[in-house]
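Notebook open, viewer running. I want to jot down what I look up here, spot by spot.

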Amino acid sequence: MKRHLHPLDKKEDRIIAYFSMEIGLDANIPTYSGGLGILAGDTIKACADLKVPMLAVTLMCQKGYFYQKLDHEGNQTEHPVEWNPGDYMELLPTKIVVSIEGRDVIVQVWEYWVKGVKGYEIPVYFLDTNVPENTDQDKNITSMLYGGDEKFRLIQEVILGIGGVRIMQAIGYHNIQKYHLNEGHSSLLILELLRQTKIETNDTHNFEKVREQCVFTTHTPVPAGHDNFGIDLVKQVLGEFLPEDIMKRALHEGQVNMTWLALENSKYINGVAKKHGEISRDMFPGYPIDSITNGVHSLTWTSEPFRTLYDKHIPGWRMDAFALRYALKISRKEIWDAHMQAKKKLIDFVNGKTNAGMDYTTLTIGFARRCTQYKRPYLLFQNIDKLREIVDTAGKIQVLFAGKAHPKDNSGKELIKNIFSKITQLKEKIKIVYLENYDIEIGKLFTSGVDIWLNTPLKPWEASGTSGMKSCHNGIPNFSVLDGWWIEGHIENITGWSIGPKHKTEHKDHITDDEKDAEDLYYKLEKLIIPMFYNDWDKWTEIMRHTIAFNASFFNTHRMIHQYVLNAYFH
Ligand SMILES: *Cc1c(COP(=O)(O)O)cnc(C)c1O
């Protein structure tokens with residue numbers, strides 16, 4: 001929101017700066033692509049609730065990530081998102097300059113205020129190069145999230161990291177004590193901080209001072225996912241800005257690696273779930289890597305009927321999400337009624353958009369997330385004949401899909417087409433819909449309106465995952481591969497169900513992970529989940545209640561921020 005008065009805001013009170021390439025706060029502000037950005041938005045909302053003196057820095061993305069359209073075969077086309085930043089935020093008069101390939105690029109900034117439940121507010125700064133003084137090419141630097149080639153990406157990171165620090169200072173924030181790097185995209189801020197220490201301390205970089213200030217959260221459990229750039233490209237873009245003594249500390253396998261730059265120069269480093277912490281310690285030996293499991297912002301992801309229910313039984317939950325533990329005292333009937341209200345809202349929305357004719361009583365399975373190979377959206381369709389047999393013998397299901405593939409991820413796009421072909425093949429048996437343009441609004445409807453939340457990532461690629469935490473806030477059990485957060489949240493048949501053999505030795509080696517996991521998925525769907533849904537309302541609603549009490553009470557950003565405050569920000 002825009003703020004009209006801020007007489008009491010003392011800039012020196014803000015001591016934490018949170019940097020993220022993408023931030024997802026609201027469906028109307030399309031500057032996010034998926035989990036990383038939503039996490040950033042939910043982090044800021046929790047800090048506003050808990051009065052953590054933070055400010056946040058990100059990129060403008062005037063054309064958003066993209067608007068997704070799908071034709072009848074599931075071919076994705078990407079369109080710029082049309083929106084007016086001025087409707088939501090205020091353009092400040094402040095401008096700064098960043099040198100890129102020897103050119104001066106001017107950066108301006110938009111200010112947006114996030115208000116917590118008790119009225120405390122956190123400013124978010126959106127950096128924007130679309131100013132008349134810049135060349136057309138430079139105006140476009142902040143036009144699109146993750147658009148363009150490698151060089152374009154590096155230039156965006158220069159604007160975020162170096163431009164971000166400068167603009168904060170130009171606005172008047174001079175008392176920042178911690179810089180939180182949400183993933184390595186903002187690592188270049190370290191260069192600017194080091195440069196400034198060199199000016200202060202006549203001619204040496206004060207690495208220790210900067211290390212003391214930096215907190216780095218890594219999100220990527222596989223080596224190939226880490227951002228890196230060729231030395232020549234970096235020299236071309238940054239010129240003298242990357243001196244040899246710093247460059248040395250960022251090199252990995254001959255490339256300038258943003259993760260390494262952050263690892264070398266951050267005092268506190270963490271992965272985003274317990275398992276991901278372990279994987280990161282193996283991947284980056286020698287660095288002290290902790291873990292803080294992600295969460296979601298409880299109020300944002302709780303549907304209206306459940307908000308009303310919690311307000312009645314657990315007053316104070318909006319300010320203190322730990323209190324959701326006491327959902328154990330809410331009657332199962334009230335939980336079911338709230339769920340059915342949210343489910344009807346979703347089914348009506350889907351039928352209105354697609355004419356799919358879905359109904360309120362059929363077991364509804366939801367699957368929505370970025371569409372990319374390791375998420376394996378096809379796993380439910382691994383064996384179509386088996387699936388047909390299951391719905392004939394055990395009971396009916398209907399299925400909702402949504403998700404965007406990155407514009408350059410051709411295999412992700414193929415996955416969408418593949419699901420469309422399965423939808424056609426199963427048309428007579430199962431109603432399945434793939435909704436266009438997955439965003440925060442559709443996310444809210446899906447994670448509150450389906451009956452089970454399906455998640456089938458290939459281990460260990462899911463660093464944390466968060467959409468399953470959203471479903472827990474609405475009493476919806478997870479049915480998921482044991483990876484990321486679900487390893488911590490899963491109690492079989494109590495909070496939901498796992499997918500996949502427990503021990504590798506349980507199965508013969510000649511079948512693939514996909515086949516093993518699909519076999520277990522079908523087995524549980526047929527023998528446990530569908531029969532329980534239709535025949536054992538007591539047990540089903542007990543599981544719903546447990547998802548709130550055991551999972552929503554922990555997998556939220558209030559708990560997560562408590563941990564960042566204790567372990568990273570003020571220690
Ligand atoms: C929550 C959310 C995500 C992240 O989902 P994961 O299951 O963690 O991958 C992505 N996109 C949108 C729109 C979301 O709301």
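Is Phe 229 buried or exposed, and what is its relative accessible area? I looked it up, keeping in mind that this is a predicted model. Phe 229 is buried, because its relative accessible area of 1% is under the 20% cut-off.

**Entry 1: around Phe 229.** I placed Phe 229 in strand 10, which runs over residues 228-230. Then I listed what it touches, leaving out residues up to four places away in sequence: Glu 150, Arg 153, Leu 154, Glu 157, Val 234, Gln 255, Val 256 and Met 258. I also checked one C-alpha distance: Phe 229 and Met 258 are 29 residues apart along the chain, and their C-alpha atoms are separated by 8.3 Å.

**Entry 2: the ligand.** Which residues come nearest to the ligand? The shell has 13 residues, and I noted Arg 369, Lys 375, Thr 466, Ser 467 and Lys 470 as the nearest. Sorted by class, the shell holds four nonpolar, five polar and four charged residues. Helix 1 (35-49) and helix 16 (467-472) each give at least two residues to it.

Next I went through the side-chain N or O atoms facing ligand oxygens. For Lys 470 I read 2.6 Å to an oxygen atom of the ligand. The Lys 375 side chain has such an atom 2.8 Å from a ligand oxygen, and for Arg 369 the figure is 3.4 Å. I then looked at cover: the ligand alone exposes 390 Å², and the protein buries 96% of that.

**Entry 3: aromatic pairs.** How many aromatic pairs does a search of the whole structure find? I got 23. I picked out Phe 367 and Phe 401, a tilted pair with 5.5 Å centre to centre and 45° between the planes. This pair links distant parts of the chain, with Phe 367 in strand 15 (residues 363-368) and Phe 401 in strand 16 (residues 397-402), 34 residues apart. Both Phe 367 and Phe 401 are buried.

I also wrote down Phe 479 and Trp 497, which pair edge-to-face at 6.5 Å centre to centre, with 90° between the planes. Phe 479 sits in strand 19 (residues 478-481) and Trp 497 in strand 20 (residues 496-499), so this pair ties together parts 18 residues apart in sequence. I have Phe 479 and Trp 497 both down as buried.

**Entry 4: Lys 524.** From that pair I moved on to a lysine. Lys 524 touches Phe 479 and Trp 497, and also Glu 492, Ser 498 and Ile 529, not counting residues up to four places away in sequence. I found Lys 524 in helix 18 (residues 513-535). Why does Lys 524 count as buried? Its relative accessibility is 10%, and the cut-off for buried is under 20%. I checked where its side chain goes, too: it reaches the backbone oxygen of Ser 498 at 3.0 Å.

**Entry 5: helix 11.** Last stop, helix 11. Which residues of helix 11 (residues 304-313) are buried? I listed Pro 305, Phe 306, Arg 307, Leu 309, Tyr 310 and His 313. Then I asked what covers the buried residues of helix 11. The cover includes helix 10 (298-301), helix 12 (332-354) and helix 19 (537-552).

Methods: Residues are numbered from 1 along each chain as its sequence is written. This is a predicted model: local features need pLDDT of at least 70, side-chain atom pairs count only at pLDDT 80 or more; totals for chains, interfaces and linings use all residues. Side-chain values use heavy atoms; hydrogens and water are left out. Helices (H or I, at least four residues) and strands (E, at least two) are DSSP runs, numbered from the N terminus. Buried means under 20% relative accessible area, exposed over 50%, partly exposed in between (1.4 Å probe, protein chains only). A polar contact is a pair of N or O atoms within 3.5 Å; within protein, one must be able to donate a hydrogen and the other to accept it, and residues adjacent in sequence count only if both atoms are side-chain atoms. Contact means heavy atoms within 4.5 Å. A residue is near a molecule or strand if one of its heavy atoms lies within 4 Å of it. Accessible areas come from the Shrake-Rupley method with a 1.4 Å probe; for residues, only the protein chains shown count as cover. Ala, Val, Leu, Ile, Met, Phe, Trp, Tyr, Cys and Pro count as nonpolar, Asp, Glu, Lys and Arg as charged, and the others, Gly among them, as polar. Rings of Phe, Tyr and Trp (its six-membered ring) pair if their centres lie within 6.5 Å; planes under 30 degrees apart count as stacked, over 60 as edge-to-face and the rest as tilted.
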